Amino acid sequence: MAVAASRTEATLALITRFENGFNARDVDALMADMTEDTVFEHVAPAASSLGRHEGQAAVRAVWESLDEHFPGFDLQVVDIFAAEDRAACQWTIRWQLPEGGEGFLRGVDVFRVRDGKIAEKLTYVTA
């Protein structure tokens with residue numbers, strides 16, 4: 001039981017650091033928390049790169065493009081929970097619209113962790 005609890009605590013710390021790291025726009029730090037063969041799959045506004053991205057280079061390209069798709073974005077974590085090597089995070093994101101005003105989305109990320117790094121991040125978004 002203690003092993004499962006420590007794995008859960010490690011997963012929770014990893015996902016908390018990762019999700020809270022988006023606003024720093026430190027792509028190197030985000031990628032350091034992901035496996036070499038990491039997978040990021042998402043559904044998002046049509047203007048962004050939808051779909052499945054596999055491997056460090058593909059996922060890095062998505063993180064590097066976030067400000068292009070969501071100018072001045074601010075991601076706020078609403079809730080995070082973990083169980084051993086799985087986790088989920090509920091969040092909101094706000095950004096500046098080109099025509100003025102603010103964009104807003106809610107989302108949930110579902111994670112799978114392997115060897116202390118994120119192996120899979122599945123993102124589901126609603127307006």
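## Strands E5 and E6

In this predicted model, strands E5 and E6 run antiparallel. E5 covers residues 102–114 and E6 covers residues 117–126. The two are joined by 9 bridges. One of these pairings involves Val 108, whose bridge partner in E6 is Tyr 124.

## The sheet

E5 and E6 belong to an open sheet of 6 strands. The strand order is E2-E1-E6-E5-E4-E3, and the pairing is mixed. Strand E2 (51–54) and strand E3 (74–83) each have a single partner strand, so they form the edges. One side of each is therefore left without a neighbour in the sheet. On average, neighbouring strands are turned by 15° against each other, direction ignored.

Which strands does helix H3 lie across? Helix H3, residues 56–64, lies across E1, E2 and E6. Its direction is at about 50° to E1, the strand at 34–42.

## Salt bridges between elements

The structure holds 12 salt bridges. Side chains of opposite charge can pair when their charged atoms come close.

Asp 33 sits in the loop between helix H2 (27–32) and E1, while Arg 17 sits in helix H1 (residues 2–20), so the contact ties together parts 16 residues apart in sequence. Asp 33 has a relative accessible area of 11% and is buried, because the cut-off for buried is under 20%. Arg 17 has 48% relative accessibility and counts as partly exposed.

A salt bridge also links Arg 52 and Glu 41, with the closest N and O atoms 2.8 Å apart. Arg 52 lies in strand E2 and Glu 41 in strand E1, so this pair ties together parts 11 residues apart in sequence. Arg 52 is partly exposed, at a relative accessible area of 45%. Glu 41 is also partly exposed, at 31%.

Is Glu 120 buried or exposed? Glu 120 is buried, with a relative accessible area of 17%. Its side chain meets that of Arg 112 in a salt bridge of 3.6 Å, N to O. Arg 112 is partly exposed, with a relative accessible area of 29%.

Note on methods:
Residues are numbered from 1 along each chain as its sequence is written. This is a predicted model: local features need pLDDT of at least 70, side-chain atom pairs count only at pLDDT 80 or more; totals for chains, interfaces and linings use all residues. Side-chain values use heavy atoms; hydrogens and water are left out. Two strands pair if DSSP finds at least two bridges between them. Helices (H or I, at least four residues) and strands (E, at least two) are DSSP runs, numbered from the N terminus. Axes are lines fitted to C-alpha atoms, for helices over the stretch in contact, and angles run from 0 to 180 degrees between N-to-C directions. Contact means heavy atoms within 4.5 Å. A salt bridge is a side-chain nitrogen of Lys or Arg within 4 Å of a carboxyl oxygen of Asp or Glu. Buried means under 20% relative accessible area, exposed over 50%, partly exposed in between (1.4 Å probe, protein chains only).
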